[in-house]
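Hi there,

Here is the structure I promised to pass on. My notes on what turned up in it follow below.

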Amino acid sequence: MIDFEYFHTLLPQAIGAKNGPIAPTITPSAAFGYADAQEAEGIFCGDVAKPLYARMGNPTNAKLESVLAKIDDADSALVTASGMGALSMVLTAFLNSGDKVLCIGGFFGGTYALMTETLPRLGITASFCQTNDFEKIEERLKKDVAIVVIESISNPSLNIPDIEKIADLCNHYNTLLLVDNTVTPLLIQPLKMGADIIIYSTTKNISGHSGALGGAALFRSVTPNDKLKAPKYVHLHKIINKMGTKAMLAICKKRAMRDYGMSANAFGSFITMLGLETLSLRIERVSKSAEIIALALDKALVGIKVIHPALTTHPDHALYQKLYPQGAGSLLALDVGDKARAFKLINATKLVTQTANIGDNRTLALHMKSTIFRDFDTQSWEILGITDGLIRISVGLENPQDIIDDFITAAKTI
Ligand SMILES: *Cc1c(COP(=O)(O)O)cnc(C)c1O
């Protein structure tokens, strides 16, 4: 069980300062002066812990990184310009042309496009497996997978991978495991379950107010044992001795952020921290509400399929009960059958904001196939669980009964 009370104290205390300005300080400088030539050399070789140049880090970003590392007991964290920035940073830092990615479960549209369109242009290819197809998963791992990527609960298909089981397999086959924990921050802690790296789109629940685009990668501690585990850490070896436990962070900084520049900015990190102070209150609330709303709509709506793992009809219901006793974030989905009915229903709601975001303070909804997933082919829609009438809902902080009533009234019009 997650102790929300622990985080209710931790987050505001970790972000607010007792002495001087309480809100985080914004340092908007792109460059930083060095005291002398010796200090400049020290900063560049890593012996002096001072800012080098904002592409490589900034004091406001560093504060956000230190707090984000705490939420998953990570050894280190690195913030980025967006969630996609975090994902592409990790993948391009760790993978070489010719490497293979194994994607398990359903995926956010941007991630799927990165895997199937952009990374292949760099010679990195991805294959896809369903969450419960362990025969296929193991068969792929036995071959030559360099990294496994999963979403803690897939957006928007709401499949749940068995993180511990997958982590054990990855460990056995010396494969890195990357978990996109965007939808379930605090609700699950993948590093403690054996994952190596977590990425977040902080744009979603962590920031919460649709005020700042941002992302983060969190890393587990690299131990001396890891050196023995070639080829899992083949890309780490060159700097593993120098960087010690933070070798994964160093790889991302030096092999991706330095060269591609997906760096976060100070103002975005400031806004993100204002949201992060209340993350535990909000994620506890919306996870509970999403479950309440899914159960109520499932009972009330006729001819509309409600998708949420709290429902006994959901294929991952047992795993949901095991992994997410306090809920799995703000998402649920409705399948109303076809596009025309979906458009009618969303347009008839009064409280819903139609947008491509999730994890906001307000309830959001969007028809999936005509928007985020519109460019994909039939096979991709099948892999990702995108049906003609699929509406994704991200529940906000409103009274759940108001949201239930809104959808029931809207459903009467279709
Ligand atoms: C939104 C999202 C992303 C991408 O994050 P951006 O901040 O929009 O770049 C990645 N993964 C998941 C699960 C998301 O919901």
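**A pair of packed helices**

The crossing between helices α1 and α3 is right-handed (right-handed if the near helix is turned clockwise from the far one by less than a right angle, left-handed if anticlockwise). Helices here are DSSP runs of H or I with at least four residues, strands are runs of E with at least two, and both are numbered from the N terminus. Helix α1 covers residues 4–15 and α3 residues 59–71; their axes lie 10 Å apart at an angle of about 165°. That makes α1 roughly antiparallel to α3, a label used for angles over 145 degrees. Axes are lines fitted to C-alpha atoms over the stretch in contact, with angles from 0 to 180 degrees between N-to-C directions.

Before you go further: this is a predicted model, where local features need pLDDT of at least 70 and side-chain atom pairs count only at pLDDT 80 or more, while totals for chains, interfaces and linings use all residues. Residues are numbered from 1 along each chain as its sequence is written, and side-chain values use heavy atoms, leaving out hydrogens and water.

**Around the ligand**

Some polar contacts (N or O pairs within 3.5 Å) are worth a look:

- The side chain of D180 has an N or O atom 2.6 Å from a ligand nitrogen.
- In S201, a side-chain N or O atom is 2.8 Å from a ligand oxygen.
- M84 brings a backbone N or O atom to 2.9 Å from a ligand oxygen.

**Two loops**

N155 and P156 are joined by a cis peptide bond, with omega about 10°. P156 sits in the loop between β4 (145–151) and α7 (163–172).

Best wishes

Technical notes
A polar contact is a pair of N or O atoms within 3.5 Å; within protein, one must be able to donate a hydrogen and the other to accept it, and residues adjacent in sequence count only if both atoms are side-chain atoms. Angles under 35 degrees count as roughly parallel, over 145 as roughly antiparallel, 65 to 115 as roughly perpendicular and the rest as oblique.
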